[in-house]
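Here are some questions about how terms are applied to a structure. Each answer sets a value against its rule.

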Amino acid sequence: MKKTDANVRTLLEDATVGLSRTATWSGLETDPFYGPEQGELFDYEKDLGNPGQYPFTRGAYPQMYRSRMWTLRNIVGYGAPEDTREGIENALRMGTAGINVVVDTLSQEAIDPDHPALWADAGQEGCSLPTVSDLEILLKGIDVTETDVAWHSTMMIYPLVVAMAKRQGKDLSRLQGSHMPDHLQLRLGGWGEAIVPAELGHRTTVECIEYCIEHSPKWALGCPQAYDLRERGASPISEIALGMAIINLTVGDLIAKGIPVDKIAPSLAWVSSSDIDFFEEIAKFRALRRVWARTMKERFGAEDPRSMRLRIACHTSGRSLPYQQPLNNLCRATVQTLAAILGGVQSVETCTYDEPISIPTEEARELATRTQQILAHEVGAARTADPLGGSYYVESLTNRIEAEALALLAKIEEIGLIRAIEEGTIEGWMDEYNYRFQQELDHQQRIVVGVNKFAPDVIEPPKRFSYDTARMQAHLARFKARKQARDSRLLEERINSLYRAARAGQNTHPAMIDALMVDATIGEVWGTVRVANGLPYDPFNAITSPFTYRG
Amino acid sequence: MTSLKLSEAEQATLDAVLAGDRRQAARLISRIEASDPTVAPLISALGERGRGTAVVGITGPPGAGKSTLLNTLIGQLRMSSLRVAVLAIDPSSPFTGGAILGDRVRMARHGADQGVFIRSMASRANLGGMAAAAGDALTVLAAMDFDWIFIETVGVGQNEVEIVNHADTVVVVVTPHSGDAVQAVKAGVLEIGDIYLVNKADTGGVERTLAALREALHRGRGQHQWQQPILGVQATTADGLEAVVAALASHRDYLGDHPEELFERRRRQTHARLKALTFAELQQRLDKPGAVRDLLEHWAGEIVEKRSDPRTAAVAILKCLDITDA
Amino acid sequence: MSRAKIRCMLGMLGTDVHSKGIRTLAQLLRDEGVEVIYLGEHNTAESMINAILSEDPDVLGLSFSTSTYIHYTRDLLEKMRVAGVDDVPVMLGGLIHPDDEDVLREIGVKGIFGPGSITSEIVEFLVSVTGKPLSSQA
């Protein structure tokens, strides 16, 4: 086809790489260059320290990746437990060191797969895990006191794992693994008041951590779960502010229960995101570690350096990967992973390039793993700790993000975190952030390649992940059959104990675990807690409790 | 009264609404909102022939938990299988005229309940913040088979006072936080209440707030025979809700027993609403293209050219207002 | 004062929690003078139909980020038919795969706005399907 002059001019224009924006991705204005004129950007001893030294700005460990490579993790999860098990084995074969499992939306919301209005969502977006027996199928042959399985989930997953371990006669004090107990993040992230009432959610977070610290001290707790806060509509600054507000309230409540901070903080890890603004994210990780260290020491009086040294688990941002021209996302995810490494995180999950479409294909998963391996072995990203430390730009950004985060945190705490959530204030800020973001896209004040500029003429429809649903059907049938076959008298007893514990304001975890051990379902257990708290059994108001509650 | 003949179609609509047809009622309310002039005889007929259920207005400062309270209250009423309607009013954007009507979300628990009718309404351009269509919409709802009708606004400024003009029972909700009750007294909101609720009654300061309210109301007493109940509630756990329902029923009975008071109340409300509507109508005339706006522009020119003064001009415009260009 | 406002109901069905899209759309439509009846997340077909009966919307918009949208849409439209409210036009937004568009239109969906759709396209659709002009504040 002949190219006209106009076409050629357009092509040439397109080919010029221009500067469309001088502000960071989250909107902080930047200067053309940074130098000594900034003034004193830091006092090395006070504000930076060496890697592994308070305030840990430069990194959590002295040798950083020389002594401890970041954990290569891949998330798996779809369909029936048997399906996900296959996915786990594939990932291990490809070089993944850590298993990270995600559960389906029903399990995430503590709803059973036989829910009359929602059964179609079972097995979608994650593994369907409604009972301990299903967990046993998923983890058959895996000893959870020897193998670290990380759960990308909040509701009910920890009691499920503990119930399984107890049923297997395992020593809980040796239980390995991690999950994300942060309920307030769910509340803000679209679960809403219907599924996670702020006050009950926060209380459950506190109780989970309390139980965990006492019974399974080797279990890591990903709190706050700031990755989803970012995806929902938070900037790096509000990630720190909101995350610290959650931490301050949670740690404060645990201390009020008589647990010393040095028993709490070392079990916590910050779950973060790495978005597309390379320098801003690196600065954020550094500012975050400094804020955490100072908070633990000054606000909570921590004495153990392990309380002050924050470990960060990172997932590159899914939100930043557009649907259009998905191969571009290989580049984006690479830059984001590099930012996370240079930011000194302890584990990083690289988004697959087809993330915006559906469950990742095997090919995409492999490419994500290779990205990390190239960064490690060829690029030398891990060679030296905090390589951008001392950069005028990065130190300036670090300071700025810290200052603005602390100001926003003060604002949140003035209102009161729970109140700010219940009144919709925090969601309002997030909605506004997204709204402005979209407006900037609409007016080309923010360019996303392939989306609002440099868009291809033809958009290749994405490949879709499909799997044989035969096992899923069998799983659902088995679930229903198992419900019938349970010892209903024993179940009723355990459920009622749970109800009474919840009514009495006790930590519900022991009773939840006891009920799960006799194959109560997550919907039944959480539904009972809900009823005890004056809420409808089913957040969708389609079913009522099958139990009669006494006391 | 009205002996306007209704068309067959309109008669069908009237009968349907009286029989409790929700969709027909909703469509009629949409026509009211769109200022459809043909609805007037229908509304009159509904006002005459309908059940005439009393309306409860829920008001109070922002953050008092009105929405949560209403949500829980509906739950309480539904336990006795009582049928409930809610008119939820949210402000329109003064710049774009659009609105996000999000009150329903706060009552999502009752979303699938066919015994609960929730209608969201934007305030639109009404001066007082209350939707101009609210009055007629409430007439429609009051004509149907609902046991309780609530009107709820977001609670910003003017709205609060205007709700009095649409409700037979006004419930004022405050919390013990930040001296809401004291502020409410100062703002003059306090006089309008028939029932006072101190929400979040399990937090500190509730006794003080209850006492402050009792004192403030005692001073104003002697104006009515109705003794305003002052109740503590906890909307999220439904503590105290039974007493609230009892108080609502009690006030409704009181109005039933004192028809002269109900009549006086409705007369005052109608007066206020008529005034507001007249203002709105005038405002509209001054803004939209037409004879009145032309006059305004003409006189503005005269003033700038120093051939006249604003006061004279205003009077002259008023004199010309029997120009009908509606 | 404008008379004929477009009343657009927006909501999500099922367990989907990704409401960022419809929350942003709600604000953008408000900017265009539309009255948005916001249902939020976690609706069932029954609760949506109950809402249609009392709110009398001009249009219903559903947003999906999970892959089960064909199931939920089909289920909703069938129940709308039974309830006699299938005259309300339905539009879909979110992660809708182009291969599914034919099936969705067959089911009765009137507008499909997959990723990358711009607000003005949606607004144009609202105007054309409701027959009401966009109103701006006098």
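Q: What makes S1(B) and S5(B) a pair, and in which sense do they run?
A: This is a predicted model, where local features need pLDDT of at least 70, side-chain atom pairs count only at pLDDT 80 or more, and totals for chains, interfaces and linings use all residues. Residues are numbered from 1 along each chain as its sequence is written, while chains are lettered from A and ligands numbered from 1 in the order in which they are written. Two strands pair if DSSP finds at least two bridges between them. S1(B) and S5(B) have 4 bridges, in the parallel sense. Therefore they count as a pair. One bridge partner of Gly57(B) is Ile151(B) in S5(B).

Q: What makes S1(B) and S6(B) a pair?
A: These strands are joined by 4 bridges, in the parallel sense. Val56(B) stands opposite Thr169(B) in S6(B).

Q: Why are these stretches called strands?
A: Strands are DSSP runs of E with at least two residues, and helices are runs of H or I with at least four; both are numbered from the N terminus.

Q: How do you know that S2(B) pairs with S5(B)?
A: Strand S2 (residues 84-90) and strand S5 (residues 148-153) of chain B share 6 bridges in the parallel sense. Leu87(B) has Ile151(B) as its bridge partner in S5(B).

Q: What is the order of the strands in the open sheet of chain B?
A: The order is S4-S2-S5-S1-S6-S7-S8, with 7 strands and parallel pairing.

Q: Why are S4 and S8 of chain B called edge strands?
A: Strand S4 (116-122) and strand S8 (230-232) of chain B each pair on one side only. The twist averages 20° from one strand to the next.

Q: What does helix H10 of chain B touch on the sheet?
A: Helix H10 (residues 241-257) of chain B packs on the sheet and touches strand S1 (55-59), strand S6 (169-174), strand S7 (195-198) and S8. The direction of H10 makes about 170° with that of S7(B). Such angles run from 0 to 180 degrees between N-to-C directions, with axes fitted as lines to C-alpha atoms, for helices over the stretch in contact.

Q: Why is S1(B) called mostly covered?
A: 5 of its 5 residues are buried. A residue is buried if 20 or more other C-beta atoms lie within 10 Å of its own, exposed if 12 or fewer, and partly exposed in between, with C-beta atoms placed from the backbone.

Q: How do you know that both faces of S1(B) are covered?
A: One side has Val55(B), Gly57(B) and Thr59(B), and the other has Val56(B) and Ile58(B). All of them are buried.

Q: Why is Ala110(A) called buried?
A: Ala110(A) has 23 C-beta neighbours inside 10 Å, so it counts as buried. This residue sits in the loop between helix H4 (105-108) and H5 of chain A.

Q: Why is Asp519(A) called buried?
A: Asp519(A) counts as buried because it has 21 C-beta neighbours inside 10 Å. Its phi is near 65°, a positive value in a residue other than glycine. Asp519(A) is placed in the loop between helix H21 (509-517) and helix H22 (522-532) of chain A.

Q: Which value goes with the cis peptide bond from Tyr54(A) to Pro55(A)?
A: Omega is near 0°. Pro55(A) is in the loop between helix H2 (44-48) and strand S1 (71-76) of chain A.

Q: Which value goes with the cis bond joining Cys223(A) and Pro224(A)?
A: Omega is about 5°. Pro224(A) lies in strand S5 (residues 220-225) of chain A.

Q: How many residues of domain 1 of chain A are in contact with domain 2 of chain A?
A: 20 residues of domain 1 are in contact with 13 residues of domain 2. Contact means that the C-beta atoms of two residues, placed from the backbone, lie within 7 Å.
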